Amino acid sequence: IVSSCGMYGWERQETRVEIDISALKDSKEFLNTLLENIDTAVFIADENLQIQQFNHSFLTLFSGQNHQAISSHSPEKLVEMPFGNAAGCINAVRENKSCGNTSACQNCTLKKALVHTLQNHSSSGKQTLERVFYINGTPQKKYLEFSSRPIVFNDQKMILFFVYDISEIKS
């Protein structure tokens, strides 16, 4: 939409751009651009609840502004790691166990949502989690809101997981 000041005042001209939606859906580059530019932390987990892919916002949420060392791991090493270990969950760090195997995991709403989505092949609505995460070696309390969606890629069941940091709102 273009506005300009003509002889009789402001005039408005509409310019439309045609976009081939089917081409966008098939574009790996476009989908990667979307994932990298949204403010929501996103990760994809496999049937073993291990991270297979994540976006830039995931790194920002769990490493602050320093993306060099998220939970003392390089970003490349986060792939095939459970969420809690990748994010620096206090329970995984303090008990030195894998996420899913700590004494607190059976009551973890995030883990329950992941398992529910995978087993029932159904989305989980928004839920909240208050947890301490070790970020660059320092414990920080975070308030998270999250939801999950089941996806299938190359005949493999996976989970698309969205994590929103609501710490500023809660504090």
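Modeller: In this predicted model, helix H2 makes the largest contribution to the lining of the largest pocket, namely six residues. Helix H2 covers residues 28-37.

The pocket has a volume of about 570 Å³. Its lining is made up of 16 residues, and those closest to the centre are Leu35, Ile44, Gln53, Ile151 and Phe153. Sorted by class, the lining holds eleven nonpolar residues, three polar residues and two charged residues.

Rolling a probe the size of a water molecule over the atoms shows where empty space is left. One cavity of 30 Å³ or more is counted in the model. The largest cavity contains about 120 Å³ of space. Its lining consists of 15 residues, with Cys89, Cys99, Cys105, Cys108 and Arg131 nearest the centre. Two or more lining residues come from each of helix H4 (83-87), helix H5 (90-95), helix H6 (109-120) and strand S5 (124-135). Strand S5 gives the most to this lining, with three residues. By class, the lining of the largest cavity comprises ten nonpolar, three polar and two charged residues.

To return to the request: helix H2 gives the largest share of the pocket lining, while Leu35, Ile44, Gln53, Ile151 and Phe153 lie closest to the pocket centre.

Definitions and conventions:
Residues are numbered from 1 along each chain as its sequence is written. This is a predicted model: local features need pLDDT of at least 70, side-chain atom pairs count only at pLDDT 80 or more; totals for chains, interfaces and linings use all residues. Side-chain values use heavy atoms; hydrogens and water are left out. On a 1 Å grid over the protein atoms alone, a cavity is a set of points where a 1.4 Å probe fits but cannot get out, and a pocket is an open set with protein on both sides within 12 Å along at least five of seven lines; lining residues have an atom within 4 Å of a point. Grid points are joined across faces, edges and corners, and a volume is the space filled by probe spheres set on the points. Helices (H or I, at least four residues) and strands (E, at least two) are DSSP runs, numbered from the N terminus. Ala, Val, Leu, Ile, Met, Phe, Trp, Tyr, Cys and Pro count as nonpolar, Asp, Glu, Lys and Arg as charged, and the others, Gly among them, as polar.
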